[in-house]
Structure formats: C-alpha cells, structure tokens
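Let's take a walk through this model together.

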Amino acid sequence: MSAYLDLVDPELRDAAQMMRENMAAYTPMDLDKLAQRRRWMEDMRPEPLAGVPFTEHRISRANGPDVSVLVVNAKPGEQRPGVFHMHGGGFTASTAVGGLPAIQQLARDLDIPIVTVEYRLAPETIWSGSLDDNYTALLWTVRHAAELGIDPARIALMGESAGGGHAALLALAARDRGEVQPALQCLIYPMIDDRSGTSRQVPEHIGYFGWNPAANLFGWRSFLGCEPGGDDVPREAVPSRCEDLSGLPPTFIACGTLDLFVEEDIAFAGRLICAGVPTELLIVPGAFHGFDSFAPEAAISRRFRIAKIEALKRGLELV
C-alpha cells in the first residue's frame, strides 16, 4: 500500500487508509454486505445543524409511491436562487437525511434554499424509478418555488458521487421533456459511466482508496437491473452513454486524481465542451473518492469546498 499512499495528499493519508479498510469489509458486495453498509451509514449519521431550519414534505402522485424531500433554509416571499440536490451512496445506500448537515452548511454559506430528495434506492428500485422520483420532486420544487423563496429560473442540479450521476440524468431528462430549465449542473465526483472498472479497466492506483471497482460493479448492476459494461445497457440510464449532450445547462465537474471516476468525469467534461456546453472541470491532485467528507478539515478539502461554492455562486448569479 505504501507506494500508492505516496500518491495521496499528506493530509488525506490517514483517511485514505481508513477508507481502504472500510471498503475491503464490504466488497465484493452482495445483499448481506449492502445491508451491513446501510446500517453502518445509519449508525454514523450526524445530527442536523442547529440554526438552519428544514422541513420535510411528502409529494403524492397517482402513478407511484410518495416522494419525500427535505427543504432547507426556505425563504418564503423571496426569489433567491436554489439548489436541487441528490445524495450519494453508490445508488444503493445513504439517505437525504443522513447528509443533511452538509446541505444545511451549504445553504448557510450561500444563504439560499436547498431541496434534497429521498429517492428510492437500488436494487429495490432500478434507475427508471429513482429518476422518476427525482423528476417528480424537481417539478414540485418549481411549482412551489414562491412558497420556498426560490427563483425557478435559477435552480442548480447538484449531487455527489451517485447523486452526481442522478443530477446528470435529471439534467438530460429536463432537457428532453422541456418542462424545466435548470441554470446549472454541479457534479461532484459524479458516478456517470457503468463501464469504469467493469468492461473498462483502470490503473490499480485509481479507485484503490475508497470506492473501488468491485463496489462500482455492484452499484451499477443494482441500478441498471442488468450487467454493467455491455452493449445491452440502456443508454438512457447512463449519462456517459448519451450520444447528444447539447442543450444542457452550464456545468461544473470536480474530481480527484485517485478517484475511480476521474477518467469518466474528464471524458464527460470534454464531450460537454465539444457539444457547446459551458463547462468547468476541476481535478484535484492526491484526492480519493469522497475525500472532502472523510477529511473535512484538511487544507485540500477546504479549498475544494471553496471552489464548489464559488462555482455555484457564478452559475446562480450570486456574484
């Protein structure tokens, strides 16, 4: 491990070793290990921040189960920009409420409302179900913009990891359906290509710490409902398989050099640029997947958060 550890930013090395050991306990992943991972995440769930209000709303629909959203820092009567957020967790784990403190902090930093969605997880629900949850919640957000204090013309779609994949899928759905026009997609180390680590191998040091190829295989298999990496994968389920990326909102993508998703994220940014989409790409040397969550006080993590906040400010015309 020492040779690869030398590639990690010095302040991240303890966290990198911890994440290497943690993922080894859950991979190769199966349903039993997934249940264990979900329990571990629930046990690790932090308490919400005091002083940043949030409310829960249930959205009823005729053609499916209710969708739950958390609305953070609502400002009724105002017309501020807003963020529509989807949490990470490899498509198979985590919750919006589990990530609430980070969303509260972001809402406080930007002084805007944020809506975060409890979409259904895989493998209980495949991609089409969670996309429908997210799209339903996005339409609800736009229709209730006035009471949330959100300007419906200045909404950013945002997510981390699998949440970034959900945000990218949602941006494509919004473009194709023509009912909503997001102002920005903010994709933080997004999980957007089922071929990484499955049918397309990566160098061993990429994905060595944290989310690894074995976990990625399970996550995509669960999300797609079929084997990832092959020609029979539904293109509409995978952002990187979409042939036409034109007409998408301006995009910010950020990823670390040791993240399993670094190659797919760079390639996606390049394709967006070629499609005429204003795109900013940030690649962080020495950073593994989720580094900013597991070592939040490291200087590299603080710089990363500032870059994300500044991108949101520019994209939402807060500067």
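Leaving aside its neighbours within four places in sequence, which residues is Q104 in contact with?

## A residue and its surroundings

Q104 is in contact with P48, L49, V52, F54 and V72, where contact means heavy atoms within 4.5 Å. Q104 is part of helix α4, which covers residues 100–110. Its relative accessible area is 0%, so Q104 is buried (under 20% relative accessible area, with a 1.4 Å probe and protein chains only).

## How to read the model

This is a predicted model, in which local features need pLDDT of at least 70, side-chain atom pairs count only at pLDDT 80 or more, and totals for chains, interfaces and linings use all residues. Residues are numbered from 1 along each chain as its sequence is written, and side-chain values use heavy atoms, with hydrogens and water left out. Helices (H or I, at least four residues) and strands (E, at least two) are DSSP runs, numbered from the N terminus.

## The sheet

Eight strands make up an open sheet with mixed pairing, in the order β1-β2-β4-β3-β5-β6-β7-β8; two strands pair if DSSP finds at least two bridges between them. The edges are β1 (54–59) and β8 (279–284), each with a single partner strand, so one side of each has no neighbour in the sheet. From one strand to the next, the twist averages 20°.

Strands β6 (residues 184–188) and β7 (residues 251–256) run parallel and are joined by four bridges. Q185 stands opposite T251 in β7.

## Helices on the sheet

Helix α4 packs on the sheet and touches β1, β2 (67–72), β3 (80–86), β4 (114–118) and β5 (150–160), with its direction at about 40° to that of β2. Angles run from 0 to 180 degrees between N-to-C directions, and axes are lines fitted to C-alpha atoms, for helices over the stretch in contact. Helix α11 (residues 299–315) lies across β3, β5, β6, β7 and β8, at about 165° to β6.

Key:
Buried means under 20% relative accessible area, exposed over 50%, partly exposed in between (1.4 Å probe, protein chains only).
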